[in-house]
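Please open the structure in your viewer and keep the selection tool handy. We will go from stop to stop together.

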Amino acid sequence: MKFLVCISQTPDTTAKISFSADGKEFNAAGVQFIMNPYDEWYALVRACELREALGGSVVALNVGPASNETTIRKALAIGADEAVRINAEPKSAAFVAKQIAEYARNEQFDAIFFGKETIDYNGSEVGAMVAEILDLPYISYASKLDLNGNAATFERDIEGGVEVLEADLPFVVSASKGMAEQRIPNMRGIMTARTKPLKVVEPVPFEEQVETVKFSLPPAKAGVKLVDPENMDELVRLLHEDAKVI
Amino acid sequence: MVLVFAESPRGHLKKAAFEAVTYGKKVADLLGTSCTALTLGTVDQAAELGRYGASKVLNVADASFDQFDSQRFAAAIADVAKNNGAKVVIVSHTSTGKSIAGRLAVRLDAGLVSGVSGLPEVSGGQLTVKKTVFSGKAIAEYRITSPVSVLSLMGNAIKPDASGQSVAAENISTNAGSGRIRVKDVRTQEGRVPLPEAEIVVSAGRGMKDPSNWGIVEDLAETLGATTACSRPVADSDWRPHHEHVGQTGIAIRPNLYIAIGISGAIQHLAGVNNSKVIVVINKDPEAPFFKAADYGVVGDLFEVVPRLNEAFKKFKASN
Ligand SMILES: Cc1cc2nc3c(=O)[nH]c(=O)nc-3n(C[C@H](O)[C@H](O)[C@H](O)COP(=O)(O)OP(=O)(O)OC[C@H]3O[C@@H](n4cnc5c(N)ncnc54)[C@H](O)[C@@H]3O)c2cc1C
């Protein structure tokens, strides 16, 4: 089995978000970056578990500049066998999808893994785009994945429930909570990660169809209005008359 | 023309479908064109979509679409979009819509913005739209420069407007190829509005101390017709089912009213709920970070405050 896991680098969950004065760019100064949690905890770990059970290899792929290599080495420390970095700024979901698909096209992967979304741009777009470019089935928000021979079974999160389904290999999957448990890399993993292959590939040309006009911060809340805990009628009145939500 | 894909899981049009058609009609007005709604598979009352603003309702009455497969759905929608010269294609930002939006963008060679939360600005036929990014911590504005645009609409971003006339659905066929996914089973909780669609959410955290204490939360939810949610540690320790977990690692919601009970308001929790229109926080610790993100706060013991609030709501409902 040959698995591809696409990993993204995102600001840490607790990072303070700010932008350049013209609002055009994210201000990365002082921001700690991490591997996107869904990619790391669920997609990568499940791919490694399946490789451990069935044999084969796990390739971790990141579209990003050389400064992302710390994150890529972490994926190797967690258990990926080799890594690929496509040497470009990940400008948009469509750009990233194009790069991944062109790389994967001739590599005969049995499955391509994504996290369900990134915690920065929250698009949930790349997996579906890659699946379409490569004409593959796409199973999104999978909280469970098992392989048996040439078929895979999944559970996927839908509004208010789960869907149980089956697809043949190869496929594209996006992982949500439940697919695996987070793994902390051990010392041996961290040591061997240093010598595992990390190949750098140049990007293919791409024409953007979406421009960023600007980023801004949401308007600050007016501040909390405290209500006397003895007087819940007053809270109900406020929700009805002022907030108009009941 | 603006084409809206209206979801009808298990034969019923979703609230998200009414929102998407209402939104599609408004986008069509801005572009000086009309709005067409499309349903796939078996569907009750597709004609209703006319009331939300569709001047034409198309249905592919092929039962193979009763099972969701993003590949076939995207192929069918793209086929209809092309045959009708759609300039904008709109889907809901749901588990279904999110799985097809990216595919549609590729098929239609279109720019995609997913999870849009408001109406676009139109200039020179191009759309500029806003969405929240960084898990609710910022807003991004994007301009789509391709001739065709694909948008996915966030839940609860627009109020469905049923002031129009129903329109008889027209049966059409599409070429969607054969599927490679076999749906074996769909398990849903009956009776409650699913969290992403809920207008009122009552959510509780570790301050509840023990799963056996949830009765007061459920009573309050019952009174309000609300859906229940919880913080991550509560789901992780199996006090509550996993599908109730909201936040960064759970699901992100934007109800009209979010009532947080015994939840501290950690940044990862807020990431999933900070787009709620109104937030009420009940916590005994006046320093709890959640108060900074709240509209209304009650500093007090939840075991006293929640039953009192429930009584107050009941009294209000009885007199309104
Ligand atoms: C990467 C990452 C992702 C995460 N993702 C999520 C996520 O998706 N969702 C999420 O919720 N968390 C998430 N967390 C965890 C998050 O950081 C917090 O730990 C968690 O939200 C705390 O849950 P809580 O508020 O229920 O519990 P606590 O932080 O323990 O807060 C309990 C609150 O109850 C109050 N309380 C206690 N007793 C009473 C009483 N009698 N009356 C009134 N108030 C009372 C206390 O004052 C306190 O504020 C994540 C953490 C990490 C590191």
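Start with chain B, where the C-alpha centres of domain 1 and domain 2 lie 32 Å apart. This is a predicted model, so please read every value on the tour as computed from it. To colour the two parts, select residues 2-172 of chain B for domain 1 and 195-318 of chain B for domain 2.

**Stop 1: where the two domains touch**

Next, display the residues in contact: 11 come from domain 1 of chain B and 12 from domain 2 of chain B. Between them, the two domains bury about 940 Å², and carbon and sulfur atoms give 39% of that area. Now pick out Lys15(B), Ser135(B) and Asn156(B) in domain 1 of chain B. These residues lose the most area to domain 2 of chain B, together 51% of what the domain 1 side buries.

**Stop 2: charges and polar pairs**

Stay at the boundary and show side chains. How many salt bridges are there between domain 1 of chain B and domain 2 of chain B? The count is two. For a salt bridge to look at, select Lys14(B) and Glu197(B), whose closest N and O atoms are 3.7 Å apart. Between the two domains of chain B there are also six residue pairs in polar contact, with both residues at pLDDT 80 or more. If you colour by class the side of domain 1 of chain B that touches domain 2 of chain B, you will find two nonpolar, six polar and three charged residues.

**Stop 3: a sheet with strands from both chains**

Switch to cartoon view and bring chain A back in. Six strands form an open sheet with parallel pairing, in the order β13(A)-β16(B)-β15(B)-β14(B)-β12(B)-β13(B). At the edges are β13 (225-226) of chain A and β13 (227-230) of chain B, each of which pairs on one side only.

Zoom in on β15 (278-283) and β16 (296-299) of chain B, parallel strands joined by four bridges. Which residue of β16(B) is the bridge partner of Val281(B)? Select Gly297(B) to see that partner.

**Stop 4: two backbone details in chain A**

Move on to Leu169(A) and Pro170(A), which are joined by a cis peptide bond with omega about -5°. Pro170(A) sits in the loop between β9 (161-168) and β10 (171-175) of chain A.

Phi of Lys244(A) is near 55°, a positive value in a residue other than glycine.

Definitions and conventions. Residues are numbered from 1 along each chain as its sequence is written. Chains are lettered from A and ligands numbered from 1 in the order in which they are written. This is a predicted model: local features need pLDDT of at least 70, side-chain atom pairs count only at pLDDT 80 or more; totals for chains, interfaces and linings use all residues. Side-chain values use heavy atoms; hydrogens and water are left out. Domain bounds come from an automatic or database domain assignment. Contact means heavy atoms within 4.5 Å. Buried area is the accessible area (1.4 Å probe) that two parts lose on being put together, summed over both. A salt bridge is a side-chain nitrogen of Lys or Arg within 4 Å of a carboxyl oxygen of Asp or Glu. A polar contact is a pair of N or O atoms within 3.5 Å; within protein, one must be able to donate a hydrogen and the other to accept it, and residues adjacent in sequence count only if both atoms are side-chain atoms. Ala, Val, Leu, Ile, Met, Phe, Trp, Tyr, Cys and Pro count as nonpolar, Asp, Glu, Lys and Arg as charged, and the others, Gly among them, as polar. Two strands pair if DSSP finds at least two bridges between them. Helices (H or I, at least four residues) and strands (E, at least two) are DSSP runs, numbered from the N terminus.
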